[in-house]
Structure formats: C-alpha cells, structure tokens
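Below is a short briefing on one chain and its contacts with a partner chain. Look at the sequence and the structure before reading on.

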Amino acid sequence: MAEEQRIVLRNYGKIDPLKIDDYIAQNGYKSLEKARAMDPKAVIDEVKKSNLRGRGGAGFNCGQKWSFAYQAQADEKYVVCNADEGEPGTYKDRLIMENDPHTLFEGMAICAHAIGAKKGYIYCRGEYPYIVEILKTAISQAKEKGVLGDFDIEVRSGAGAYVCGEETALIESLEGKRGEPRFKPPYPPSEGLWGKPTIVNNVETFANIPVIMDKGAEWFAAIGVPSYPGTKVVTLTGDVNNRTFFEVPTHTTIREVIYKLGGGTPGGKKFKAVQIGGTSGAFIPESQLDTPIAFDNMSAIGATLGSGAVFVLDETREIVDTVTRITGFFEHESCGKCAPCREGTARCAELMEKINAGLGSQKDLNLLEKLGRVMTYSCLCGLGQAAPTPALSTIKHFRADYEAKFI
Amino acid sequence: MINLTIDGIQVSVPKGSTILQAAAQAGIRIPTLCWHPDQAVKANCRICVCEVEGNRLLQAACSTPVTDGMVVKTKTPKVIEARTMILELILANHPQDCLNCIRNQNCELQDLAAEYFIRDNPFENKTRGYELDRSTPSIVRDQNKCVLCRRCIDACSVTQSVYALGLENRGVSSMVVPTLGEPLIESPCVMCGQCIHACPVGAIYENEQIDELLAAIADPDKVVVTQIAPAVRVALGEEIGMKTGDLPMEVLVNGLRQVGFDYVLHTNFTADLTIIEEGNELLKRLKEGGTLPMFTSCSPGWINFCETFYPDLIDNLSTCKSPQQMFGALVKTYWAEKMNIDPGNIYSVSIMPCTAKKYEASRPEMCDSGYRDVDLVLTTREIGRLFRMSGIDFSKLAPSQFDPWMGQYTGAAVIFGATGGVMEAALRTVYEIVTEQELQDVNFRMVRGMEGIKEAEVDLNGTVVKVAVAHGLSNARKVMDQVRAGQCDYHFIEIMACPGGCIGGGGQPITKANAKRAERIDAIYIEDEGLPIRKSHNNPEVKMIYNELLHEPLGYKSHELLHTHYQFKNKKYL
C-alpha cells in the first residue's frame with residue numbers, strides 16, 4: 001500500500017519558514033548540536049551506515065563522498081548545496097527551501113563539521129529569486145541565534161543555465177566563470193571550488209542529514225529499498241489527476257505513484273508512458289510500472305531515478321513530438337564545451353525534427369540511435385551522456401510510433 | 001611508478017601520467033585535437049576517448065590519470081565508432097573547402113579525417129555563415145572553420161596574458177570571439193599571432209598578401225627590394241621539406257632572386273645598427289639619469305602590449321625603431337641614393353617571422369623616408385608558399401650573395417632571432433664601448449634558452465649592469481608588474497612577445513610545440529658561431545653608414561630616420 005512518509009518534508013506546513021524559533025521548536029538544530037559533540041569521523045560513519053545516496057540524480061553514497069573530502073588535506077574546504085533545480089517538472093528542492101530552509105542549513109552545517117569546512121554556498125536556481133530572499137532571511141536569523149557557530153553560508157544565484165546543475169559546472173559558475181563542466185577526475189571532494197576539497201550535495205540530500213543524525217543510521221537504512229534507503233520526493237506533472245508532490249519510501253513503485261497517489265490518468269484516457277527523473281530521463285512503458293522508485297531498480301530497466309520528476313503521458317500524446325521538443329531543449333542547453341554534445345545535441349534535434357515532420361526514414365532512425373549511443377559514452381558530462389535517453393528509450397519502447405511517421 | 005596495460009602492452013609510467021602519455025610510451029599514438037603539448041588539458045574534443053576496463057563510459061586519454069592495474073584499450077569497435085562519429089559531427093559543421101584552405105595539408109582535422117577514412121558523412125553539411133574578421137592588418141579569423149578546441153584562447157590568455165579571445169553563446173552556437181564579440185581590432189589583441197600556431201585548423205591565419213608581391217614583381221616600373229629577418233632562415237626550410245636550420249643563407253638569397261626580387265638585402269644589417277643606437281641610448285640613459293630600466297623595442301607585438309597594458313611605462317621603451325622599420329627608412333633614402341634609384345620606384349618588402357610586423361609597417365608614423373617605409377610584410381609561411389610554387393629544388397640551387405650597402409651582418413644580428421639575443425648582442429657592443437677593451441668571450445650564455453625570465457649582471461669596468469630577458473607576454477607581464485611596482489633594479493630589459501623570441505613568431509611555420517622553438521634557437525646560435533664577425537660595431541657596412549650618413553649614434557640623422565615614439569592604445573574594454 002502506497003503511503004507518504006515525510007522525512008525531508010517533515011516540517012512542511014507545520015512551521016513558518018521565516019521564524020527560526022518554529023524550526024527550533026521542532027527540535028531544530030539539535031542534530032547539529034549532537035553532531036558537533038561527535039568526532040567528525042563518527043559523523044561520517046553514521047552517514048555511511050545510513051546508506052544515504054545522493055538525491056540529485058547520480059546516487060553516490062553520501063557518507064563515502066564526505067569521507068573523501070574529510071581525508072583530503074587542505075587549508076580550506078567547502079560545502080556547496082546544489083539548489084540549481086533546473087530539471088523541468090522538478091520542484092522538490094524548492095519545496096524544502098521555501099518551507100523549511102533551516103533543515104538545509106543544518107544538514108550543510110553537519111557536513112561542514114564532518115569534513116572540516118567553515119564556508120558553505122547555496123547555489124540557487126536563477127529562476128527562484130524569491131527563494132533567495134527566503135534563504136537570506138533565514139540565514140541572517142540563524143546567524144543572529146548563533147546556531148551555525150563559525151560556519152558561514154552564502155547564497156549565490158545561477159543565471160538560468162541548465163548545465164549548472166552539473167556539480168563541476170556549478171563550481172565554475174560559483175567561481176564567476178562560464179558555467180561549464182570540468183573533466184573528472186579530479187572530483188570535487190579532492191579538488192572542487194577554487195581547487196579546494198568540496199562537497200556538493202543536493203538540497204534533498206542535505207535535508208535528510210538532520211533526521212539521520214537524530215534517529216540514527218539504522219532507522220534510516222530500514223526505510224524503503226535497502227540499496228537506496230529512505231524516501232524520495234516525487235513531483236507529478238502531465239496527464240495525471242493529482243498534479244502535486246509526494247514524499248514516498250523508495251520501495252514505492254511507479255504504478256503506485258501514478259495510480260494510488262496520483263489518482264491515475266484523467267478523463268478515462270489510457271496511460272501511454274511516463275518519463276521519470278526529469279527531461280533527460282527515460283520514457284517508461286506500462287509493462288515496467290512495477291519498478292520501485294529507487295536508484296538501482298530504475299537502472300535495471302535502463303532508466304534513471306534522476307530528480308524524481310514524474311511526467312505522465314496519456315494515449316492522446318504523440319511520443320515522437322514530445323521527444324522532438326526535448327531534443328530541442330538539449331540543443332539549447334548544451335554548454336558547447338565538448339564536441340559530441342555540442343554537435344550531437346543539435347544533430348539529434350535535427351533528426352527528430354525531420355522524423356517528426358514526416359520526412360524521416362529508417363536510415364535516419366538508425367543514425368539517431370547510433371549518435372545517441374556514442375553520446376551516451378563519450379560526452380564530457382552527464383548532460384550530454386543523458387541527452388539522448390528520451391530518444392533512445394522511446395525508440396526502444398515505442399518504435400512503432402516512429403515508424404508511423406516515416407515517409 | 002604505475003603499471004598498466006594498454007592494448008595488451010605492459011607499461012610502467014610515473015604517477016600522475018595520463019593515458020595519452022602512457023600510450024605514447026607504449027608506442028601507441030592516440031589521436032587528439034584539442035590537446036596541445038604546452039597547454040593545460042582541455043578534454044573537450046573527445047577524439048582521444050579509450051575504453052578502460054570497469055568503466056561503462058569511454059575515458060578521454062588526455063585527461064584520465066593512469067592507475068595501477070588499469071587495462072586500457074585504444075582501438076576497440078566501440079572506440080572507433082565513437083571517434084569516427086565525433087569526427088563526422090565536427091566535419092559536418094565545417095566548410096568542405098580543404099582545397100582552398102590556407103591550412104590545406106597542414107591541418108590536424110584533415111589528418112584525422114584521413115586517418116579515420118571519413119568518406120560519406122551521414123550528417124548533412126552545414127556552414128555557419130559567419131563573416132571573416134579582417135579588421136586587423138595582421139590576422140584573419142574565420143569562425144566557420146573553428147572547431148572550438150579553445151587552444152587559441154589558451155595561447156592568448158595563458159601564454160600571452162592578453163585575453164583578447166573568449167567564448168560567446170553556448171551549445172552549437174558557441175563561438176570564440178574577441179572581447180565582447182567585436183572585431184579583433186577593437187580588442188586588446190597585440191597581433192602576435194600565437195593563436196595561429198595554436199589553431200589546429202584554418203580558423204585563424206595571417207593576412208596573406210602574396211598576390212600584392214606578385215603584382216609588384218610584375219610591374220616593370222617597380223624595383224622590388226627585400227629584407228629578411230634573422231629568424232626566417234632557420235625555420236623557412238621547414239616549409240620546403242628541409243630540417244630546421246638546414247637551408248643555407250646564400251641559397252635562400254638565390255631563391256628570393258629566382259622568385260623575382262630585384263635586390264636582396266638583410267634586416268640583420270639594421271639589427272646591427274639597432275645595437276649601435278640602442279646600446280648608446282642605454283649608455284646615455286645610464287650616464288644622464290634617463291628613464292630606467294630601458295626596454296628593447298624590436299618586437300612589435302611587445303610594443304602593442306606595452307602601449308595597451310603599460311602606457312605608464314612607455315618612456316622606458318627604447319626610442320629605436322625595430323630593425324624592420326630602420327631598414328625601411330634607410331632603403332628609400334641612403335640605399336636609394338647609393339644605388340641611384342628613384343625611391344618612389346622602390347617597393348620595399350620585408351620577410352618576417354611575425355604577424356605584428358604587418359601592423360607595424362602600417363603605422364601612420366612609419367614614413368620617415370618620405371614614402372611608406374615598408375610597403376609589404378610577408379611572413380615566413382607566405383615565402384614558403386611562394387618557394388613551393390616556384391618549383392625550385394633548393395638542394396640543387398647555387399648560392400648567391402646579398403646585394404651591397406645593406407646586406408652585411410654579424411653574428412650579433414643573427415641572434416636577434418632568439419630570446420636573449422638582442423640583450424647578448426647589446427652586451428657584446430656595450431662592453432667594448434665602456435671598457436674600451438676587446439671582449440674575449442662573446443657568449444653570454446646566461447641570457448640564452450627557453451626559461452621564461454632570465455636575469456644577469458655584467459661588470460663593465462666596475463659598473464654593474466643588471467639585465468633581464470623575458471619572452472612570451474605572460475612573462476613580460478610579470479616583469480612589467482615588478483617594474484611598475486618599483487620592485488626591481490634592472491637597467492635593461494629585453495622583451496620578445498613570442499615564446500622563444502622571433503623564431504617562435506606568429507608568422508613562422510606552424511609550431512605546435514615549444515620543443516620546435518628550442519630547435520630553431522639551436523640553429524640560430526650555430527649560425528652565430530660560424531660567422532667571422534660577431535659584434536655589431538664591427539660590421540663594415542654599419543661603420544660606413546655612420547661615416548657617410550649618420551655620423552654618430554643618436555645624432556640628428558638617426559633621430560630623423562631610426563627613432564620613433566609610442567602612444568597609449570586606449571582600448572575601450574580595459
């Protein structure tokens with residue numbers, strides 16, 4: 001039975017985000033206090049034991065990531081929060097920042113204690129100017145109360161580039177440069193912001209930390225799917241009755257999200273496909289709806305969990321047309337640094353437009369598949385690697401829709 | 001040491017090595033496009049991708065450090081498919097006009113297309129339709145050919161610290177543009193041409209003016225006279241299938257006669273003259289408390305840089321014109337009179353390793369002869385093209401001597417072509433003027449070589465002269481910042497805009513690696529050692545011009561013809 005379980009959204013609707021006392025009244029900043037009484041190594045071990053994995057989309061083990069930055073020797077280390085929520089159909093980070101900013105600060109401050117950082121940055125999506133105001137007000141309240149101690153948090157605003165959600169592009173942008181990914185290795189935990197060890201975590205990841213510190217790793221690890229424990233905030237868009245958000249344990253299946261929580265497709269129309277994880281996610285057919293909303297389970301069906309966006313299409317939607325629009329998005333958002341993404345996203349869009357206009361053939365589809373495959377394993381960053389996924393997944397599951405468009 | 005396997009070959013390489021370096025050691029060349037031997041790794045072209053066991057994604061060989069036990073495969077079907085398709089993508093957004101391209105047969109993209117036998121590109125060819133930027137007299141930019149490897153940006157910003165080039169737009173609309181997307185002439189570009197060497201394709205090149213030379217040669221009324229800069233000979237052979245330094249000077253002279261020059265003279269003559277004027281200027285400043293340190297003024301890229309970024313230090317620049325412009329002023333006055341030729345009929349062509357020289361010759365003040373002092377500047381590369389067209393077999397061409405009055409030179413002039421050369425030449429002369437003793441060992445080795453900033457102290461009969469030599473403008477910037485801050489006590493500083501000096505100039509045969517620059521420097525010093533006279537003040541023709549025209553260094557005639565002035569280049573974005 002699908003039910004919501006609120007961890008990161010535990011204070012949603014219960015507190016006034018602009019009143020720090022509300023947060024403190026909900027045991028706020030107690031976890032930070034607890035963590036600061038612990039050895040940093042013990043904090044990291046606790047996070048490791050919880051098996052919390054990054055909620056930004058890459059699913060890397062959070063405690064392990066922290067341990068790399070902890071081990072790195074440097075005169076300065078940084079904690080960066082990736083709040084560049086640019087994935088279309090995703091607004092989970094906004095929900096947290098808008099309703100419970102202090103849970104984010106507390107998570108960041110625990111991380112800072114664990115790795116030995118004194119400075120934190122929140123890189124906030126350029127289209128969220130009002131969130132920036134909320135964060136700034138909340139930070140000044142936290143400073144006034146002295147709850148953050150010697151940990152300083154600064155809010156920086158992005159300028160609207162999708163690619164800046166990629167952690168190294170985000171770092172470049174923070175440094176005042178053109179938002180473009182760096183090649184890896186070196187990874188940010190060893191060389192990040194201004195070349196210093198840096199932890200970049202997503203808002204939702206940080207928001208889990210205070211609860212893990214409070215209730216313990218074992219409690220957290222027992223929630224949801226063991227390989228990706230905890231909850232996931234999903235945001236429902238498209239042809240679904242309840243176009244809203246839910247926080248669910250990770251063993252919840254896609255079908256449960258769409259039908260139990262989402263109330264199914266409206267108007268008695270049949271379900272066609274669902275795209276999970278944002279605009280670079282795979283389109284999933286009806287036959288795979290019993291997959292849990294967890295990282296490895298999604299990977300097993302050739303999809304990604306991504307940001308947790310759930311975009312539902314009913315039978316009246318044209319898959320090829322939808323994917324054509326998506327390829328246009330990637331052509332627009334490619335930063336242009338690496339050749340296969342720069343040229344490849346434009347060619348994907350060109351081929352999709354041709355096919356969608358009824359001018360394509362099997363030859364074009366074959367070329368698109370080959371191009372998508374090459375991009376997947378040769379582009380510099382996740383944007384280019386994932387950009388062909390909508391096309392490739394729909395060619396796989398909805399090939400007939402493409403063939404119906406051929407000359 | 002790290003042990004790994006590449007294509008089944010065991011290699012052991014130092015920690016921190018990349019797959020690209022390890023593969024080279026294993027005897028495997030991995031193709032590259034954005035990689036440059038003397039620049040930071042960019043990893044943006046993705047041509048060098050390889051399979052690394054345990055990785056789902058292909059890894060860029062240029063940026064991936066090796067690890068113990070790593071198993072790398074450089075030519076699996078997956079790798080070849082990726083490289084081929086990436087090349088197809090780049091080529092489909094590149095003009096298909098190799099035959100007309102200035103870099104035809106000298107292009108890294110063309111080489112890759114041949115290596116991966118790209119025949120039928122599945123992608124439709126598109127051209128971007130950008131206009132050429134011909135705003136400077138030195139450099140032409142063709143955005144349509146740009147592969148966005150960013151090597152030019154690195155050369156301009158890291159090597160030269162000029163920052164005239166940057167990126168605009170994103171995705172497939174990305175382009176390398178001069179400051180704020182305006183024409184190059186509006187940017188702080190100093191026209192050094194190092195971006196040309198960095199470019200793997202034909203997206204940046206010299207303003208080619210061979211046709212103007214051919215028109216002058218074809219004109220029966222024009223007396224076409226040429227001067228050759230000292231750095232040209234050592235590199236020109238590279239353009240005609242010879243090894244660096246192997247083209248003998250006398251054969252080069254005959255080659256120039258063969259392609260139609262009426263008289264062949266040498267910039268080395270005015271290089272020697274520069275030493276007399278500049279050496280005396282230094283001594284005068286030292287004696288009379290003039291502005292110190294004094295900076296050399298032979299390198300027009302450096303002059304542009306100083307006028308743009310360090311206008312407050314303009315008074316430190318020697319007022320001596322560069323050897324090219326001294327030559328230009330004299331050939332239409334002194335030489336014309338000697339030869340009894342109407343200076344109005346003289347078409348003065350200089351052959352230079354330099355793109356900034358094209359700009360220098362066009363400066364409005366450079367007409368002290370009463371005419372345009374230098375009518376045309378051709379780079380080493382342009383003369384190389386002319387030589388190839390001529391069909392001459394240079395191994396069979398007889399030697400020929402320079403024409404009189406402005407053709408003799410010393411080893412001191414030859415070394416102008418290498419970083420530290422002007423300094424060494426000046427020291428050879430200044431030492432003898434001050435001490436009135438013969439300099440026994442003319443070799444000042446401490447100012448030679450590829451080190452970015454070199455320093456030396458020379459004892460001139462109790463007076464210690466402190467000198468510095470910098471090449472490459474980022475090194476020049478470091479020295480200039482010290483001078484500006486009053487943190488150094490040099491008396492004399494030689495600056496050359498290009499890494500290695502003129503032998504690495506923007507007009508030289510395309511030079512990807514600094515190693516090639518070092519090779520040319522060696523050839524320069526071999527030439528110096530082989531010459532009978534190695535001090536500028538012992539050049540007989542130089543002595544003669546002082547007897548007959550100039551009378552004394554820094555005299556009235558010198559000031560009229562051989563010296564110049566500088567002014568602040570007020571670029572709007574600085």
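How many helices and strands does the secondary structure of chain B come to? In this predicted model, chain B has 19 helices and 17 strands.

**Overall form**
- Chain B has 574 residues, and a compact globule with that number would have a radius of gyration near 25 Å.
- Along the principal axes, the C-alpha atoms of chain B fill a box of roughly 75 × 60 × 50 Å.

**Packing and contacts within the chain**
- Of the 574 residues of chain B, 54% count as buried.
- Taking contacts in chain B between residues at least 6 apart in sequence, 74% join residues at least 24 apart.

**Domains**
- Chain B is assigned domain 1, covering residues 2-91, and domain 2, covering residues 211-561.
- Between the C-alpha centres of domain 1 of chain B and domain 2 of chain B there are 43 Å.

**Side that touches chain A**
- On chain B, 26 residues are in contact with 26 residues of chain A.
- Helix α2 of chain B (residues 77-92) gives the largest share of this side of chain B, with 6 residues.
- Sorted by class, the side of chain B that touches chain A holds 17 nonpolar, 5 polar and 4 charged residues.

How values were computed: Residues are numbered from 1 along each chain as its sequence is written. Chains are lettered from A and ligands numbered from 1 in the order in which they are written. This is a predicted model: local features need pLDDT of at least 70, side-chain atom pairs count only at pLDDT 80 or more; totals for chains, interfaces and linings use all residues. Helices (H or I, at least four residues) and strands (E, at least two) are DSSP runs, numbered from the N terminus. The radius of gyration is taken over C-alpha atoms; the globule rule is 2.2 Å times the number of residues to the power 0.38. A residue is buried if 20 or more other C-beta atoms lie within 10 Å of its own, exposed if 12 or fewer, and partly exposed in between; C-beta atoms are placed from the backbone. Two residues are in contact if their C-beta atoms, placed from the backbone, lie within 7 Å. Ala, Val, Leu, Ile, Met, Phe, Trp, Tyr, Cys and Pro count as nonpolar, Asp, Glu, Lys and Arg as charged, and the others, Gly among them, as polar. Domain bounds come from an automatic or database domain assignment.
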